[in-house]
Amino acid sequence: MNIPQFSQLCGQICTQVGQVLLGQKEVIDHVLVAILARGHLLLEGVPGLGKTLLVRSLATVLGCHSKRIQFTPDLMPSDVTGGNIFNQRTEQFEFLPGPVFTQLLLADEINRAPAKTQSALLEAMQERSVSIDGVTRPLPHPFFVLATQNPIESQGTYPLPDAQLDRFLFKIHVSHPAKAIEKQLLTNVLQGFDAAALETAKLVPVIDSKILVDMQMFLNHIRVDEALLDYITEIISQTRSHRSIYLGASPRASIALLQSARAWAAMQSREFVIPDDIKYLAPAVLRHRLVLQPEAEFEGLSADSCIQSILQDVPVPKSVA
Amino acid sequence: MNVAALFALWFASAPVADMHEFRTQAQELFKQKKYHFCKDKKTCSLSAEEMKWCGLSSSEKSHWSDFEQLCPPDYDGQSAFTEDGEDGGNSEGGITIRGVSRVRGSSEDKSGSCGGEAAEGGVEGTQDCSGGQGAGNSGASQSRQMGSISGASESGSGKGQGQEQGGSVGEEGSQQQGQDTASGSSHGEGQGGNADSMANDGGEGSSRGEGEDAGAGGSKEEVPPPPEKPQEPEVLPPERLEAQASTASWIGPVLFWTILVLGLGFVIFVILRNFLSSRSGEKQTPDAPSRTRKQEEQTALLAQPASLSDIERLLLRAQQAAASGNYEAAVGDCYAALLRKLEQEGLVRLSRFNTSGDYVRSLAAHAQVQIPVQEIVRRVDQVQFGAHQPQELFTQIFSQVSAFVRTSIHLACLFFILTIAACQKIEPKDTRPAGQAALIDLATAYELNIEHQKWPITQLDRKDQTLILLRHSNPRSEQWDALLDWVADGGSLIVANGGGLPEELGISVIERNHLGGPLTFRQAWAERLGTDFKLFVPDYNTLLVAENSQASVVLSRNAGPYGVWISRGSGRIVVLADDHLFTNGALLAGDNAAFVVGVLSWLGSEKIGFVDAQGWHGPHNPFEAIANSRLLPILLQFMALMGIFFVHRGVTLGTPRNLIVKSRRAFTQHVQALGIQYAKSRASRYALRLYATWALERLRDRIMLGKGTGLFPLAKAVAQQTGLSEGEVMQILVEAHSARQEAAARGGSSEDLQLIHKLARIMQTTGGIRS
């Protein structure tokens, strides 16, 4: 595989998904970057914006199988990971894999489950394996979690622990589509599009899971200049010393920023990373990893505004200005 | 001084007596200098003054060897004579005596003959059957222009007589004023009478001879109503003119010196600031760190020629770096030059915190710029971050940046060239037909020092100087006083500005006397110059000499004097009816050149200055100043460019912002605003008290469910539910309880906010922060 092929495949994937999910190009790009960078994605948005449709269409286009978990307060960890069931006929415990054993996992409304259930995903997301009763079972490869949460409803929800949040590569805000996009969406419905029946959208697989893994491996060939490593570390360092940030980004955030920048560079037909890649992806990588000072929250600051101020304070490497 | 003796002296001292030589040399000068005369009718753009030359009669043109150089080949002179009436044969001519009276007449002659009878009342307009006076072939066109016709005439038969008789009678009339005879029988007598009538009417205000009556009697045709009379320009009273002049006299200098002083002050300030900053930069302490490479590069950049712009310096440095093999630095310099260029054009704002993508995205509104810049940036990124071979890419980047930069430079050069082209030279070497370039060349050829007068009239101190007042050089009264004093002290003055003479000279100018024909000298001059010596000027202005004037006629045309001579103190004044003799066009006609050089030589001044519209007195208003300085084309071009600029860049004068749609605010926004107010007033303690009260009550509702009211059991229950240590929860609850008991409205610290944060986390863990 080379850069043109890589870029071409990415373009085809985005085009295919974009046929179904109208007006969400940035979300599609970020999802693809996260998949290629072997990360997970947290989508924050109100219901009805097509988050589930995104995962399903992605699974179709990427040639991967997917499963969906609707998180509820009474959801148990074993409902996610699966468990050992006693088989009376064989008089042995048999492992019944949970929905986590898939390639694309949609964790819908992940914040509706209590912390212990959410924690069931910790190992799966980071180690890409599940340990049950002392037995560790690897997850399929590739493995990608796309979680959603509703920012409006907070009653009966459990905010994600910081450790859980840190395991998401990106946190993306999904906003309402523009009027023109929404009108186009209605037109598609009139023409017979049914989100419940994706086959009507005539989506075709662009790649399969093997090619996806190859694409993930190809990112190792993307060059990162040493000055850019300084740039990333300086940005992350600034999050830890910013006056409005109580808890800064972790080293995992640095790695996430580096890997996602490589994926984005490859998608842009470049075999090297530029500062613009890092600057473009930094908000998505960092916004869910920062805990603001209470004073900052009182002043109406957000994580995004803090990140922007940091990006405006860190000099770009090799700048000629 | 005896006038005859003076002219005898002139003829004796004239350095050139052969007028044919003058003529030949003048024509030769015209051929060499290639003045801006018309070559064809399509490109001919003569001014009204210049077109008058084209309206000379055919007989006059026959004395003008290079006539075709001035006028369009097929030009018949009509338009030059139809300024006052344009409809067929009906027109209105006029006689204007500036400042004295105005006599106007109209006539109609469609047949080409000067028909008509004397107007009632005994006052005639001018009669000019000059169609017959010359070659007799243009009667229709010229008789149309004439004023009222006195007496019936036949254009065909009485030509020669008319010319001679009119000329002689006119000459007489100038001396024998008051012999007004409105005869209607003879054309020759009619002209002479006309001259007399003008003289008589001069002091009486105005009178009018109606040509309709004459036409009716002569041609027996029905006369259409006369055309509407042109309005006389408003003549401002002297005191108002002086007030305007005095106002304009101080505003201009004050503005000029203010702008000059401010500009100079700014330049000096910038120079001093840079000087001081450079001095302070040189004062480095011994322990100061050595200059960095970047500083050295900047110093080297500044050391390059000052005439280069920043962009050119960067490109030059890029070439030098490439020559030394440092291609990566060369690419960086190219990129810097590109960004500097974009910044100069206001398209980007340079910042070391901006990425190349930021710059490209900021050009989204300028697609024609964004695309090439994006291509350049892509290649620069390949060198800087992609470890590509810079040697190969440098050539491409350099050529792209150079092309991009030079496109703008070319536009700037084009603007500069257009601006320069729009400028009109105010040099005295005006080569247009109405200019004085030929006069200067001709005079210089005869070793006469002539130039545009540059000094105010009040600073004329050279008594051996000759000053020529041309058209539009209208001195004010105090300037006239200074001029006459200067003449009395020995200066020589030639007044050819077409009017506005002081009353004490007793001379007025009559415009459009319409007594056409060549100028003739007095008898003594004719003997000296020969009978074939002819002077021609268009427009047919004449002078009106008062009875008590000391002026003596030296040049006349038919019935009226054209030039007079006045002796004043030690100096001399020559008054001409107009300045046509001193224009480029004049020197082509007849022996005009000989006359001009002869007069100037006779005056014998070492220095000759002439004054025209760009004379010594300032404008009366800004519009006049712009017109005088000929800045109108530049201003129009500048305004057009500004218009294009605004069309190109849009008409918004500030940063466009989305309209704020007023809507009802959500409850959360009110809460947020309240929180912001608390934060601004530093009322964190008060906020903590409110929140602690609410949180403790809610926790009891959620967890205790009536199991007691103490903090200890509550802390125990919360610890069990949240997983926190009991001691930690107890500490939070105790602090919250203490804050609840306080009544502080202001003050507090960040610890209060941290406590709120901890309480909020407990609330979230135990069922949300809202319920």
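## Helix 12 of chain A

Helix 12 of chain A covers residues 275-286, and at 1.5 Å a residue its 12 residues should span 16 Å; the end C-alpha atoms are 16 Å apart, which agrees. The expected span is 1.5 Å times one less than the number of residues. Helices (H or I, at least four residues) and strands (E, at least two) are DSSP runs, numbered from the N terminus. This is a predicted model, in which local features need pLDDT of at least 70 and side-chain atom pairs count only at pLDDT 80 or more, while totals for chains, interfaces and linings use all residues. Residues are numbered from 1 along each chain as its sequence is written, chains are lettered from A and ligands numbered from 1 in the order in which they are written, and side-chain values use heavy atoms, with hydrogens and water left out.

Helix 12 of chain A is largely enclosed by the rest of the structure, because 11 of its 12 residues are buried. Buried means under 20% relative accessible area, exposed over 50%, and partly exposed in between (1.4 Å probe, protein chains only). The buried set runs A:P275, A:D276, A:D277, A:I278, A:K279, A:L281, A:A282, A:P283, A:A284, A:V285 and A:L286. Within chain A, these buried residues pack against helix 2 (25-36), strand 9 (170-173), helix 10 (226-241), helix 11 (251-267) and helix 14 (303-311). They also pack against helix 15 (356-362) of chain B. Contact here means heavy atoms within 4.5 Å.

## Chain B and its helix 14

Chain B has 28 helices and 13 strands. Of its 771 residues, 46% are buried. Among contacts in chain B with a separation of 6 or more, 69% join residues 24 or more positions apart.

Helix 14 of chain B has 18 residues. From first C-alpha to last it reaches 25 Å, close to the 26 Å expected at 1.5 Å a residue. Since 13 of those 18 residues are buried, helix 14 of chain B is largely enclosed by the rest of the structure. Just after this helix, B:G346 takes a positive phi of about 75°.

## Cavities

Nine cavities of 30 Å³ or more occur in the structure. By class, the lining of the largest cavity has nine nonpolar, five polar and two charged residues.

Rolling a probe the size of a water molecule over the atoms shows where empty space is left. On a 1 Å grid over the protein atoms alone, a cavity is a set of points where a 1.4 Å probe fits but cannot get out; lining residues have an atom within 4 Å of a point. Grid points are joined across faces, edges and corners, and a volume is the space filled by probe spheres set on the points. Ala, Val, Leu, Ile, Met, Phe, Trp, Tyr, Cys and Pro count as nonpolar, Asp, Glu, Lys and Arg as charged, and the others, Gly among them, as polar.

## Aromatic pairs

Over all chains there are eight aromatic pairs. One of them is A:F95 with A:F101: edge-to-face, 5.5 Å centre to centre, 75° between the planes. Rings of Phe, Tyr and Trp (its six-membered ring) pair if their centres lie within 6.5 Å; planes under 30 degrees apart count as stacked, over 60 as edge-to-face and the rest as tilted. A:F95 counts as partly exposed at 22% relative accessibility. A:F101 counts as buried at 14%. In chain B, ring pairs link B:Y327, B:F394 and B:F398 into a cluster.

## Backbone details in chain A

The peptide bond from A:H141 to A:P142 is cis, with omega near 0°. A:P142 sits in the loop between strand 7 (135-138) and strand 8 (144-149) of chain A.

A:R38 is not a glycine, yet has a positive phi of about 60°. A:R38 belongs to the loop between helix 2 and strand 1 (41-44) of chain A. With a relative accessible area of 31%, A:R38 is partly exposed. A:D133, also not a glycine, has a positive phi of about 55°. The loop holding A:D133 runs between strand 6 (129-132) and strand 7 of chain A. A:D133 is exposed, at a relative accessible area of 62%.

## A buried valine

B:V729 lies in helix 27 (residues 726-741) of chain B. At 0% relative accessibility, B:V729 counts as buried. Leaving out residues up to four places away in sequence, B:V729 touches B:A715, B:V718, B:A719 and B:L724. The C-alpha atoms of B:V729 and B:A717 are separated by 9.6 Å, with the two residues 12 apart along the chain.

Methods: 1 Å grid on protein atoms, 1.4 Å probe; cavity = no way out; pocket = protein on both sides within 12 Å on 5 of 7 lines; lining within 4 Å.
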